[in-house]
Each structure stands twice: as C-alpha cells, then as structure tokens.
Amino acid sequence: MSAIDIEQNNQVLTAADGTPLRTALARATRRAKWRAFGLVLPLLLFVIVTFAVPIGQMLVNSFHNTAFSDNMPTLSAYLSENDISGVPDEAAFEALVTDLRLARENKTIGKVATRMNYEFSGSRSQFTGAARKAKKLEPPYKEALIKLDKDWEDPLLWNIMKRAANPVGASFYLAALDMEYDETGSIVRVPEKSRVYVPLFIRTLLLSGLIAGICLILAFPVAHLLATLPLRYSNLLMIFVLLPFWTSLLVRTTSWITLLQSQGVFNDLLVASGVINDDGRFQLMYNQAGTIIAMTHILLPFMVLPMYSVMKTIPPTYVRAARSLGASSWTAFWKVYFPQTIPGIGAGILLVFILAVGYYITPALVGGSSGQLISNEIARHMLSSLNWSLAAALGSVLLFIIILLYWLYDRLIGIDNMKLG
Amino acid sequence: MSIDNPMVRFDNVQKSYDGKTLVVKNLDVDIAQGEFLTMLGPSGSGKTTSLMMLAGFEPATHGEIYLNGKPINNVPPNKRGIGMVFQNYALFPHMTVAENLAFPLKVRNVSASEADEKVKRILELVELPEFGSRRPAQLSGGQQQRVAVARALVFEPQLVLMDEPLGALDKQLREQMQYEIKHIHENLGVTVVYVTHDQSEALTMSDRIAVFEDGVIQQLSSPNELYEKPQNSFVAQFIGENNRINGQIDSIEGSTCTVQLDSGERVTADKVVEGDVGTRTTLSIRPERIELDPVAGSVPVTIPGKIEELIYLGDHIRVRMSVAGTSEFIVKVRNRTGRKNLEAGQQTTVGWSPEDCRALDEISA
C-alpha cells in the first residue's frame, strides 16, 4: 500500500456539502438533544433545589460552624495566630473580655454560649454570666474572670475555644462517633456511660437488618404465590399487599398501638382466653418489639414487589425441568428457583434496609426508649437541642455507612443484578 | 394394540382439570422399548397433558400409568428417571452449559470426575465440545436445543420425553434438528415419546404416531400407514392434504363399496367406515394420486371436472378443480416434460384407482 493510499483511507468522511460527517451528524441531532434536555430540565432543577443543595448544606454544616468564630472575632484571631497550650496569659483574656462585651452588645452571646455548651457542659451560664459582667471588669482580666468562675482556668475549655476559633473542624464528627479531644488535644472515646450515638448506630443497623430479614422471610412465599396464582386470585392478593401503601402511615401506626399495647386488643384477648394472666401481659408497644412489628408491616410491600416482579419472569418449567432431571422438590427450589430470585431479593433487602435505617415516625411513635433509632436522635438535634452541626454530622455518618453498604453490595452481588420491577 | 413387556403403558387413563370436562379420555397406549412414538394433534387435543402425566407433573384423574411394568401414579417426577426436553428448553440461566449438564448427575450423587467425563462425552455427542463454560444465553437457539437434549440424555434414562422441542426454531434448523434427534435415538436406543403439532415433523421422525383429537387417540400407526390408510376423516385431513367428496354407500362388496356421490356419480372405494348400505360417507383421495385427463381405460374410476385455477409450484402444479359438486378439489400434476397444456376453464376428467380412495366417516362439507 503506498503512502497516498493510506492518506486517502484516513481521509475524513464528509457529507454531500463537504462538511465533515461527524459535524453534520452532531448538527442534525442537536435540536433533538436540546428538546430532550428541555423536557428533563424542570425535574433537574427540582432535584438540585430540593435535594442536592440541602444535602450539600448539611454536609457543610457538619464540619463548618461559625457560631464562635463570627461572634468572638478578637479572641478567634488571637487564638489562631498564637500557639497556646493550656491556659493562656493576660493578652488572650483581654481579647476574650473584648469579645464578651461585643457579644453582649450584639446579643449574640447566646449563640456562643450554646456552641461552647455542646462540648463543655455547664459553660452556657459561665459565658452568659461573664458577658453580663464584662462591662464592669477591670484588668488584669485573667484574675477577674477566674474569680467569677473557676472554669476559666480549665485548659480543656481553652482547647475547645481554640478549635472553635476555626470554623472548620471535625469536632461534631467526633461527637457523632462518641469521641472527643482530651486536655492534650488527642482524640479519645468519651466515658462509657455517655456513649450514645455509636450504640444507637449499631442498634439502627441491627434492627434494620432484622426488619429486612423478617420482611424477606414473610415476603418470599407471598411473592411466590403472587407470581404463580391464577390472575383473579393474585390480583386480590396484590390488593392486600398494597393496602398498607394506601393507608396513612399515622393511621397504620396508631392501629398497631391500639392492637398491641398492654391494655390493647391482642393482650385483652389473650387474658380473656386464659393464655396469660393479667400480670403477664406482653409489652409489645413502646419498645423495640413495637418498632420491629410496625416497621416490618410498613416496609413489607417494598420487599414483596421487587421479588414478585422477578419471580414473575421465572417460568415454572425450570422447576419442572429440575424435577424431571431427578432433583427433589427442595433441591429444585434451592439450586434452580432460589438463585434466580436473588436479583429480587437483593433489591428488596437493599430497599427495605435503607428505608429502615432512615425511618423516623414509626420508632418515634411506638419505639419507646429502647426502640429509638438514630434518625430520632438526628431529629431531636434538629428540632429541640438545635445542634444542627451535630445533626448534620450524624446524618453524614449515616449516609457514609449506607454508601459503604451499597458499595459492598455492589461488590458482592453486583448492582446491575438488582431488579426493582 | 398391546405389546409384550411395554416400556410405558397407559391403562384407561383419564384426566380432567375442572371436574366437568375430560381433557384425556380413556387413553390406552403401549410404548415399546426403544420406540420413537409421537403424539400428534392440534392444540388442546390432550397430547401435552398425556405427556405431563407420564412425566409426573399432572396426576391422572383415573387409570394407571405403568413404567417397565410398575405403576407410577404415586411416584414423584424426580424418582421416575425420565429425561425430558421442554418446549423452551428450560436451561437453567444461572448455570453454565456444563453445570446444566452435570445437574442431573449431581443430584444422583455421581462423583465429580465421573460426571465430568459424562458431560464431556455428551457434549461431543451433540457436537458442542467447546461450549461447556458458556451460559445458555450465549448460545444460539439450535445450540440451546442440543444442550437441552443432551441434558435429558446425560443421566442415561431409558425414556426421554420431548414436548414440542423444535417449536422455537426456524424451519431450516428445525429440519436439521429432526434428523439429529432421530440419529441420537437410533444410536442410543432410548425410548422417545415426542409431542408435536407439526405433522411433517411427526412423519419424519417417528416409528409410530398417535394422532390425538378431543382427548382421544384417533389412530395409532406407523407414518406411512397413517398417511396411506387413515382410519377416519380427521386423520385423513390432519395428515397431509386430501380431497373430500360426500356420498352414500350404495352397495358393499367385501372390503370395498360403491358410493353414490351427492352429485350423482357412482365410484368404488375402500370401505373403512362402519355401517351398512345407506350409510353416509366422505371419500378421501390424496391429490397426488389423482390423474388428470387419464387415457381411457387406464384407471378404473373417472369422473368429469372443470379446471378452476392453476398454481405453479415448480416441481408440481396445483390444479384447483370443480369435481362432483366441490370447487376445492385439488390435483397435483407433476411438472415433467411433455405434460399436457392446462388452462383454467378447461373441461376435462379426473381418475384414480379404488384403493387410493377411502370411504371414511362423514364430515359435513
């Protein structure tokens, strides 16, 4: 092949008017692409505004808190410029008093006090009190403040203020994982009796796993029936499965309370029929049992539906073929039918588990104290303790755990194996 | 018809799904060792139900099925030791071809090395030696078909059932597979019960064919007897093409009879239908047995007819004629040199031998 031949073969193909074919094709499809994009644009904007932005903001909140650095500017500047360890000298206290006066004037001392109180309990009154009296304080400020409250010479407090001076920090993540900085600034676990969140995370994951497991056991035969029954029976059954979907969450949950509370229908029936005596009533509400029962009921359809849609596509001849080849009914089920339902099982478990991990209303209503999940704690920090940064950190940890599990699932089963319908 | 030591015996078997109608009525069939028996019939005729009862997937409502002389009504399908090829192959999609083939061996606790050996041998038999590690979805329809056959044979059953196994293949592949299945049957000597609604498939492959209609076997005989000597009008019509002329038996002479056609002519025919003089009958004549415009005296029966339409089909010409009151009378004329020139509208005669004309039960035109 000569050089000229090669050059001709490599020549860019052109459309009839001489423009390169690739350009001509792009031009021809551009309109259609823009039109298609225009159609999805409203949804895209909606998702960005209502989903991507809030999540981003939450993530930022979890490590970025300006309550101290904005309202105590002089002290923050001093603390970040000077490397102090332990209790600093007079200069720092002078900056502190300046800022306390300023915060008192701007009425922002509450924010500062709340922020410090997250990490140093009891410091709220210490700050508000000092701010109230700051105007009348005389130098040397160090002695004056320590005279007001001995905690001002606590090196731990100064460590905390030093970190709070920088709006970016991991202290909320540490709190979310039941850890803190000690006097020397190294990371340690909090005392055992005040560890709250890690046990709660573990409980949330365990309960969600348990609920997903119960859902799987309950849903498998139902989904199989749905997929194999004649149409008129399976339609009726499908309505029963979907009924919980169509009922208000609150109605369902309160019905469970009516049924299962210790003075409820279920216990009354058992007592009346003599199975248990009046003192032996089962505690099925306001504890973990309540959370498990009510959430299993609510999440069951999310397990049934993906399994049903997968089982629907498995022809009965597979099991027949296995039987004719000599497999017992159990072997035919376990080696032939069951492996083919795994995409549905995977989808169902993932769906139920992730929904359960973030469930909030049901455990709040029927969980009592032992049935609370991490989302209830997040809600508490959002709504009543107003420690949004900690709520955001807890939420971020939860998000991270779920992404990790999702990744694990993808590695083990493969996400493209999943079938939702 | 009874056979000594049949492999399979259906003894007065009945099947009903709804308790109101019988899908299979009084089925009595003996299937000999090594036989290739085809159950042929239109859909809903009971052939697949009969096969499913034999496989053990449907219980018989009444009667008993025997396998090697033992009643098997209460034997579950996995204990029957019958190989089966399903309509859509039913190859397990989550297993490789080799795993599919090893499945029946594994459940029988055959050792891994022996199973490997058997899988290798059967893959060679179906000419797919390199395909063991593929998944069924990666095979073409014909290859899947072969794997399905191999899987039904790999555990060396004496009896193999096939439920319309070639239905999903295109025509050419289907014909090729017919020969392959036939050869496997001959080489291995297994007994095959084959279900199909395709009559040419049945004729090609079978030792005997059972023609099902309405839950009853209409005729059970060899392919050529089925074609040459249909016992009733349904079989004559279902197997191959035939011309039907209605008439009434006028006189009976031993095994033949003279029939007065509704159009007035009198013809001689083989008497198959039961009954005396005066019985209504339908005459059945194969289109290729009819001679168009025969030389006088060369065939015993001649009646006049008119050519309505000519259809050129290459090796033969299909001539549609009006004969004895029907305008759907078909004659096949071989396309050979020197054949007479035919034209639509031509008045001519048709003729045939009495042994090619069978007087069957009447079906109203």
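The model is predicted: local features need pLDDT of at least 70, side-chain atom pairs count only at pLDDT 80 or more, and totals for chains, interfaces and linings use all residues. Residues are numbered from 1 along each chain as its sequence is written, while chains are lettered from A and ligands numbered from 1 in the order in which they are written.

Let's start with chain A, which has 20 helices and two strands (DSSP runs, H or I of at least four residues for helices and E of at least two for strands, numbered from the N terminus). Its radius of gyration is 31 Å, well over the 22 Å that the globule rule gives for 421 residues, so chain A is more spread out than a compact globule. The radius is taken over C-alpha atoms, and the rule is 2.2 Å times the number of residues to the power 0.38.

Now for the helix pair: helix 5 and helix 7 of chain A pack at about 90°, with axes 8 Å apart. Axes are lines fitted to C-alpha atoms over the stretch in contact, and angles run from 0 to 180 degrees between N-to-C directions.

| Helix of chain A | Residues |
|---|---|
| Helix 5 | 90-106 |
| Helix 7 | 123-134 |

Among the residues that meet here are A:Val97 and A:Leu100 from helix 5 and A:Ala130 from helix 7; contact means C-beta atoms, placed from the backbone, within 7 Å.

Finally, the contact between the chains takes 18 residues from chain B and 15 residues from chain A. On the chain B side, strand 6 (82-85) and helix 2 (97-106) each supply at least two residues.

Technical notes: Two residues are in contact if their C-beta atoms, placed from the backbone, lie within 7 Å.
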